[in-house]
Amino acid sequence: MPSPVLLHPDQALDLVLASIAPPRVEVLPLDQCLGRVLLAELSNRFDQPPFDRATMDGFALALPEPPAAGSQFRVVGTAAAGSGLLPSLADGDCVRIMTGAALPPGATMVHRVERTAPLKTPGLEGEWIVLTQAEDGRNVNPKGANLRAGALLIGPRRLGPQDLGVLASSGYGQAEVGRRPLVGVLSTGDELRAAGEALGPTSIYDTNGPTLAALAQLAGAEVRRYGIVRDDPRLLEAVLVQALGECDILLSSGGVSMGEFDYLPGLLASLGVERIFHKLAMKPGKPLWFGRLAPGQGGAPGQGRASPVLVFALPGNPVSSFVGFELFVRPAIAAFQGLDPAPRLLRASLGEAVERQDTERLEYLPVKIGPSPAGSASMEARPVRYTGSTMVQALAWADGLLRLEIGEARLDKGSSVDVRLLRA
Ligand code: AMP
Ligand code: MG
């Protein structure tokens with residue numbers, strides 16, 4: 001039976017998304033827009049291509065139908081890409097034309113240069129060509145054939161390289177994108193050391209700090225690190241005050257369970273951060289704490305902020321904080337910028353049965369994705385070796401997370417599952 005006291009993660013996500021203000025707009029030059037979120041639909045500013053354009057090097061002809069092999073034409077000019085418009089073409093004449101050049105007025109087609117030969121006939125004035133082979137196409141990209149003026153050019157989305165090209169094609173030199181959140185990352189725990197430092201007999205390396213910072217960066221945030229903070233309420237409070245004064249979103253890890261040194265929930269509350277939920281019906285990641293500091297509250301004395309701060313106090317175990325990020329922080333960073341927060345899912349066939357005893361909580365298991373054997377079109381998902389939420393290594397082997405619903409004890413081999421994708 002589901003525990004009555006623990007919040008379902010789907011409801012928790014609704015609460016997170018409801019805490020996020022509409023995106024704030026920033027106008028950026030195109031070359032700073034990669035990875036940023038375009039907020040509005042933009043229309044195509046002019047017909048593309050803007051003029052009838054040659055798609056081959058050859059000779060532009062002004063005839064209603066493609067002529068037969070053996071036809072002869074006088075060459076009256078040359079059109080290069082960007083060379084400007086030529087005078088109208090008469091139907092016995094042709095113009096030498098290069099790929100990308102505008103067809104002269106009256107021209108209806110381009111005959112490929114490799115299907116022509118120079119014509120050397122004594123007594124013929126000027127330069128002439130003869131068609132050595134009939135042409136099957138017209139080799140013209142007509143004005144507006146790709147996209148009409150006023151048509152939808154691009155809609156809201158995270159801008160990739162090709163999208164920047166599309167914007168540039170229509171002459172947009174800048175775009176209105178969502179402001180990125182400044183995400184602060186801090187790790188708590190007396191036992192933590194930074195990679196590169198010597199490990200004491202009972203210490204471990206901080207794996208959450210580097211992971212969460214990188215996750216936030218790839219999700220589109222600007223990241224500020226607050227390092228490793230010891231389990232000392234005074235030290236923690238000082239760092240929290242600073243971070244709450246600077247960040248839009250604060251991520252901490254550790255210090256949110258029931259241990260004697262788990263100070264974060266109490267400290268955050270005393271600093272004015274309103275708790276929205278603590279503890280979820282999920283595994284891993286049950287002790288996740290989420291709250292919001294209202295505008296004008298908290299920070300250093302007299303330093304009221306204009307915008308709210310969202311605080312995710314994530315559990316300490318590496319897989320727990322990772323899953324917490326994927327489920328709640330990634331959607332929050334997306335929504336902050338104006339992006340659809342829905343996860344990327346891949347329908348796959350389960351490569352081996354998955355079973356569990358305790359079905360009280362929703363559970364996420366790291367899985368690897370590969371091609372199905374037997375040449376089936378679907379992909380196959382297989383659980384990776386995983387001993388539990390301390391096993392950060394499982395994340396390096398996994399491509400996705402498999403979700404087991406509350407009450408679900410078994411998924412058979414061959415079941416169709418929706419895997420939440422972790423890698424680009
Ligand atoms: P806590 O909630 O602080 O008791 O943390 C739960 C467990 O996660 C403990 O075993 C911690 O040692 C471990 N842990 C906490 N923070 C980190 C971190 N940044 N990197 C790796 N393990 C951590
Ligand atoms: Mg701790």
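Is Cys 33 buried or exposed? Cys 33 is buried, because its relative accessibility is 0%. The structure discussed here is a predicted model.

**Cysteines**
- Cys 94 also counts as buried, because its relative accessibility is 0%.
- A disulfide is a covalent bond between the sulfur atoms of two cysteines.
- With a cut-off of 2.5 Å between cysteine sulfur atoms, the number of disulfides in the model is zero.

**Strand pairing around β5**
- Strand β5 (residues 58-61) runs antiparallel to strand β7 (residues 93-97), and four bridges join the two.
- Within this pairing, Gly 58 has Ile 97 of β7 as its bridge partner.
- Strand β5 also pairs with strand β8 (residues 109-112), again in the antiparallel sense and over four bridges.
- Here Leu 61 stands opposite Met 109 of β8.

**Surroundings of ligand 1**
- There are 17 residues around ligand 1, and those that come nearest are Glu 191, Asp 206, Thr 207, Gly 255 and Gly 316.
- The side chain of Glu 191 places an N or O atom 2.5 Å from an oxygen atom of ligand 1.
- Backbone atoms take part as well: a polar backbone atom of Gly 255 is 2.8 Å from an oxygen atom of the ligand, and a polar backbone atom of Asn 317 is 3.1 Å from an oxygen atom of the ligand.
- Taken on its own, ligand 1 has 480 Å² of accessible area, of which the protein covers 78%.

- Helix α1 (residues 9-18) has Pro 9, Ala 12 and Val 16 as buried residues.
- In helix α3 (residues 208-218), the buried residues are Asn 208, Gly 209, Leu 212, Ala 213, Leu 215 and Ala 216.
- The buried residues of α3 fall within an arc of 160° when seen down the axis, and therefore line one face of the helix.
- Gln 217 and Leu 218 are exposed on the face of α3 that is turned away from the buried side.

**Gly 178**
- Gly 178 belongs to strand β14 (residues 174-178).
- Gly 178 counts as buried because its relative accessibility is 0%.
- Between Gly 178 and Asp 231 there is a separation of 53 residues in sequence and of 36 Å in space, C-alpha to C-alpha.

**Backbone features in loops**
- Most residues other than glycine have a negative phi, and most peptide bonds are trans.
- The peptide bond from Gln 48 to Pro 49 is cis, and its omega is near -5°; Pro 49 lies in the loop between β3 (42-43) and β4 (53-54).
- Lys 283 and Pro 284 are also joined by a cis peptide bond, with omega about -5°, and Pro 284 is in the loop between β21 (282-283) and β22 (289-293).
- Asn 139, a residue other than glycine, has a positive phi near 60° and is found in the loop between β10 (128-131) and β11 (140-141).
- Asn 139 is buried, because its relative accessible area of 13% is under 20%.
- Lys 279 is not a glycine but has a positive phi of about 85°, and lies in the loop between β20 (274-278) and β21.
- Lys 279 counts as partly exposed, because its relative accessibility is 24%.

Notes: Residues are numbered from 1 along each chain as its sequence is written. Chains are lettered from A and ligands numbered from 1 in the order in which they are written. This is a predicted model: local features need pLDDT of at least 70, side-chain atom pairs count only at pLDDT 80 or more; totals for chains, interfaces and linings use all residues. Side-chain values use heavy atoms; hydrogens and water are left out. Buried means under 20% relative accessible area, exposed over 50%, partly exposed in between (1.4 Å probe, protein chains only). Two strands pair if DSSP finds at least two bridges between them. A residue is near a molecule or strand if one of its heavy atoms lies within 4 Å of it. A polar contact is a pair of N or O atoms within 3.5 Å; within protein, one must be able to donate a hydrogen and the other to accept it, and residues adjacent in sequence count only if both atoms are side-chain atoms. Accessible areas come from the Shrake-Rupley method with a 1.4 Å probe; for residues, only the protein chains shown count as cover. The arc is that of the directions from the helix axis to the C-beta atoms.
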